[in-house]
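Hi everyone, thanks for having me. Please take a look at the structure on the screen, and then I'll walk you through a few parts of it.

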Amino acid sequence: MAWLVNGALEFLTMDEHFWLSPHANWESVRDPGPDGVLKPHPRHLIHVVWITAVMLIARRYVEQFVGLPIGTWFKVPNKKNSPPEANDILEKAYKKGRKPSEEEVLGLAKRTDKTERDVQRWFRKRRLVNRPVTMTKFTEGVWRFMCYFSLLVTGMFLIPRKPYWKDTNECWTDYPQRGITNDIFWYYMVELSFYTSLSISQFYDIKRSDFWEMLTHHVATIMLISFSYITNYVAVGSMIMFVHDWADPWLELAKLISYMKQPKEGRTIRQTIGDSVFVLFMAVFWYSRVYFYPLHCIHSTWVEMRENLGPEVWPMHRVFNGLLITLWVLHVFWSYQIFRVLKASVLSGGVSEDVRSDNEDEDPDTPKHVKQTIPVPNGMNHTQ
């Protein structure tokens, strides 16, 4: 227990022995030197505050003036569910519990002179009143897709041109004295601000069934990006962010297509495109996060760092690599879940839609059937 307390104190007080390699100190990491080269410094993270604010404001305009017109053009449903007939007894019971047991349904049926089926139907319709309309989910998705796609394009323009992309040993050349270029500086700030904005907006967005899981993911991402910047792991950090941006746009695009109005029978070109985009997402996700990420990024932080800086291992090195390996294990698990979704889509004739917001309720006028919600990365669930 004592080592844990000491480690926590060293972490909070930014102790050099905890955060940096034995051959480095904070002065060497942050001092710009006589040539005035920009180096990472914790005070630079203040930029995240105003960039996050700009993103939160811009998001509202994008949803209103970009997402909504696009959704209207593609006939995304924008109709709220009508409430059930007024019934004081059932309304009072609903406030006590949104899903009554069989015994409670039987008792309510007797008290209201209704059948058990009518009571169940009333509760389903009552739950659907607060269910967000599809258009709201669509406009949120438009914003996320635009951000993910912009980050991907930016990364494609910046990272492959860096020497450490072709030779990852370059990540540790001149460490910790190496500086940071302006393009990578702003790339870091925007990535960090985006995930910060996602963490904040989660509290007033549509409440998903995986709210806490996604909040934990965003907070962990913010910590990793911040720690890598403070300790000047910027080269390998920017490479890791870029690799993780490859798959995100295609998942969001597949979700957007699933929100568009589809015919009740038969397949359309739109459905075929949506399923194809999801298959593309799966392939890119597996290659980038299960195969390329450990081979290219974790290998650099775990093996090449020690080859270039010496065999010593310091606490923050263990923490950083532990988090990266944990992330890879999650990617393997999510890949298995994505494969299950793809398998289910082949058997059912198409990839299902995102149901995180409403997987517990069906439309009262639709025959009841069993659903299984499968969690997949980036907060998207599919129905099997």
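Trp165, Phe242, Trp246, Trp286, Tyr287, Tyr291 and Phe292 form one aromatic cluster. Two rings of Phe, Tyr or Trp (for Trp, the six-membered ring) count as a pair if their centres lie within 6.5 Å; planes under 30 degrees apart are stacked, over 60 edge-to-face, and the rest tilted. Before going on, please keep in mind that this is a predicted model: local features need pLDDT of at least 70, side-chain atom pairs count only at pLDDT 80 or more, and totals for chains, interfaces and linings use all residues. Residues are numbered from 1 along each chain as its sequence is written, and side-chain values use heavy atoms, with hydrogens and water left out.

How many aromatic pairs does the structure hold? There are 26. One of them joins Trp122 to Phe123, edge-to-face, at 5.4 Å centre to centre and with 75 degrees between the planes. Are these two residues buried or exposed? Buried means under 20% relative accessible area, exposed means over 50%, and partly exposed is in between, using a 1.4 Å probe and protein chains only. Trp122 has 5%, so it is buried, and Phe123 is buried because it has 2%.

Tyr287 is partly exposed at 38%, whereas Phe292, at 12%, counts as buried.

Helices (H or I, at least four residues) are DSSP runs, numbered from the N terminus. Helix α10 (residues 182-201) and helix α12 (residues 234-244) have axes that come within 11 Å and cross at roughly 55 degrees. Those axes are lines fitted to C-alpha atoms over the stretch in contact, and angles run from 0 to 180 degrees between N-to-C directions. So α10 is oblique to α12; angles under 35 degrees count as roughly parallel, over 145 as roughly antiparallel, 65 to 115 as roughly perpendicular, and the rest as oblique.

Which residues meet here? From α10 come Ile184, Tyr187, Tyr188 and Glu191, and from α12 come Val234, Gly237, Ser238, Met241 and Phe242; contact means heavy atoms within 4.5 Å.

Last stop: helix α4 (residues 47-73) packs against helix α8 (residues 134-158) at about 120 degrees, with the axes 8 Å apart. That angle makes α4 oblique to α8.

Note on methods. Helices (H or I, at least four residues) and strands (E, at least two) are DSSP runs, numbered from the N terminus.
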